Amino acid sequence: MIKKLLILFVVILLFFCKNGISQSFLNGDFELNSATNGVDQIALTNSQFNPMISNVYSFGTSPTGLDLVTTSVWDGGPYTGNWYLGIEGGGIEQFSLELSSPLISGTTYRISFFDRGRAVHPSAPIEIGVSLVNNNFGTLIYTAPEPEFGVWNLRCFTFTAPSNVTFITVKGGNSPGSWTKLDNFIIDFDTLKSCAEMAEITMPNIFTPNGDGINDFFAPVELTNITEASMSIINRWGQTLYVTEDLISGWDGSDNGSPYSDGTYFWLIHYTDANNERKSAYGIFSLLK
């Protein structure tokens, strides 16, 4: 009896996998590319962008509509991994994210991603569509709130697939000249999960441990839907200076009372989310007294 149940389970699992229930983005974090590590690719045309990045297809009309960014020079580092995209608004630039298999018409899915506004340009609220081809926006399924400058915000929504589409499409709203950063697109088939269950970590990019009672500790601005976590502070030479499981109290900028000098440091957080999955997040910040 147990053997028969196991066989039935395997058959059901194979059926769902064959029919595309377990879709994923083939390059939702933009890490698969041939760009030189550490060198930003700014103002790319379609002909420059498409051969450089795998399974992501630019088809906008602007000659300078996409950035592929890897450093923190452009007012903030990536949310995850080494790369993120910058996209011009006004519907001028658009791109498609290829899925591992087509969506199933009438099935509900959840998509999440992170966006962030730029310092020197207006922000472009992101619009998401679904399409059968990689060079057409297709059907609009979601419009995000306006991005916030200096903060990676989680966007999360559910939708019902209107057809067996293969591409999720992205464009920026508002006017030409507005820009938004994008990172970490994830698609999930799970009607039992809610968007609120996704972990959110927001860290400051500057802290000032000078004893004035204001911003004296480096600690999360937001830490939600996380069951346990540890934080490491690392210097620019890759040396770990401090490790703690008390993220709320934070780091005082010292080594047992001996203060570290002003400069650039990195944070690394290992955590368990509400779905009991182990994950990591990291970023850069400045210590100023």
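1. L85 stands opposite L182 in β11, and this contact belongs to the antiparallel pairing of β4 with strand β11 (residues 179–188), which extends over 4 bridges. Here two strands count as paired if DSSP finds at least two bridges between them, while strands (E, at least two residues) are DSSP runs numbered from the N terminus.

2. The model is a predicted one, in which local features need pLDDT of at least 70 and side-chain atom pairs count only at pLDDT 80 or more, whereas totals for chains, interfaces and linings use all residues. Residues are numbered from 1 along each chain as its sequence is written, and side-chain values use heavy atoms, with hydrogens and water left out.

3. Strand β4 is also joined to strand β3 (residues 66–69), by 4 bridges and in the antiparallel sense, with L66 placed opposite I87 of β4.

4. Because 5 of the 5 residues of strand β4 (residues 84–88) are buried, that strand is largely enclosed by the rest of the structure; buried means under 20% relative accessible area, with a 1.4 Å probe and protein chains only. The burial concerns both faces of β4, with Y84, G86 and E88 on one side and L85 and I87 on the other.

5. The partner of β13 is strand β20 (residues 278–287), to which it runs parallel through 2 bridges, and F207 has L287 as its bridge partner in β20.

Conventions. Buried means under 20% relative accessible area, exposed over 50%, partly exposed in between (1.4 Å probe, protein chains only).
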